[in-house]
Amino acid sequence: MPPVHLWNPPFCGDIDMRIAQDGLWYYLNSPIGRKPLMKLFASVLRHDEDGKYYLVTPVEKCGIRVDDAPFVAIRMSVEGKGRDQSITFETNTDDIVTIDATHPMRVAVEAGTEGLKPYVLVRGRLEALVSRALFYDLVALGTVEGDWFGVWSAGRFWPMQRAAEIGAVA
């Protein structure tokens, strides 16, 4: 990956590019249908401390919109079982990340529905939303530890929701 975190070019303004919640990229309201082009843009994507997303090169920085997370986890694999398991995701941009200390998982509550939405850190401040289908697979791997329901990956328990809130018991 290009070292976008090291580049500090001048801001050139916002461009009409958007990443939709389902992971599709749009330019001027038209979908970017070529995956290699989407991956190229993703390789220079940065999420800065100001909460905004930018495409960054050594000479310019352009703002884009992201509806939710810039990536979507579309495949999941599991090695091992229980406390010894590792959960790995593949994103729509072909990134491979295992839930671990470098790629932590967090679960947010969706406004309006109060549903849970898990995310995994891909790189920098860039996260992948775990697709709904994979979320169900993740829940199937879940267990109760203390007061929490969650999953084990890479030797650590990743809480998803308080067990009492979903009627789970140890």
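Arg106 is partly exposed, with a relative accessible area of 39% (buried means under 20% relative accessible area, exposed over 50% and partly exposed in between, with a 1.4 Å probe and protein chains only). The model is a predicted one, so to speak of local features takes a pLDDT of at least 70 and side-chain atom pairs count only at pLDDT 80 or more, while totals for chains, interfaces and linings use all residues. Residues are numbered from 1 along each chain as its sequence is written, and side-chain values use heavy atoms, with hydrogens and water left out.

Arg106 has a partner: its side chain meets that of Glu127 in a salt bridge (2.7 Å, N to O), the term standing for a side-chain nitrogen of Lys or Arg within 4 Å of a carboxyl oxygen of Asp or Glu. Glu127 lies in strand 12 (residues 126–130) and Arg106 in strand 10 (residues 105–109), so the pair ties together parts that are 21 residues apart in sequence. Helices (H or I, at least four residues) and strands (E, at least two) are DSSP runs, numbered from the N terminus. Glu127 itself is buried, at 17% relative accessible area.

By this rule the count comes to 13 salt bridges. One of them joins Asp16 to Arg65, with the closest N and O atoms 3.6 Å apart. Since Asp16 sits in strand 1 (residues 11–19) and Arg65 in strand 6 (residues 61–66), this pair ties together parts that are 49 residues apart in sequence. Asp16 is partly exposed at 32%, and Arg65 is partly exposed at 45%. Arg83 and Glu145 form another salt bridge, their closest N and O atoms being 3.0 Å apart. Here Arg83 belongs to the loop between strand 7 (71–79) and strand 8 (86–91) and Glu145 to strand 13, so parts 62 residues apart in sequence are tied together. Lys35, Lys39 and Asp94, meanwhile, are linked in a network of salt bridges.

Strand 14 (residues 148–153) is joined to strand 15 by 6 bridges, and Ser153 stands opposite Arg156 in strand 15.

As for helix 2 (residues 132–140), its buried residues are Leu134, Phe135 and Leu138. Seen down the helix axis, they fall within an arc of 105°, so they line one face of helix 2; the arc is that of the directions from the helix axis to the C-beta atoms. The face turned away from the buried side carries the exposed residues Ala133, Tyr136 and Ala140.

Notes: Two strands pair if DSSP finds at least two bridges between them.
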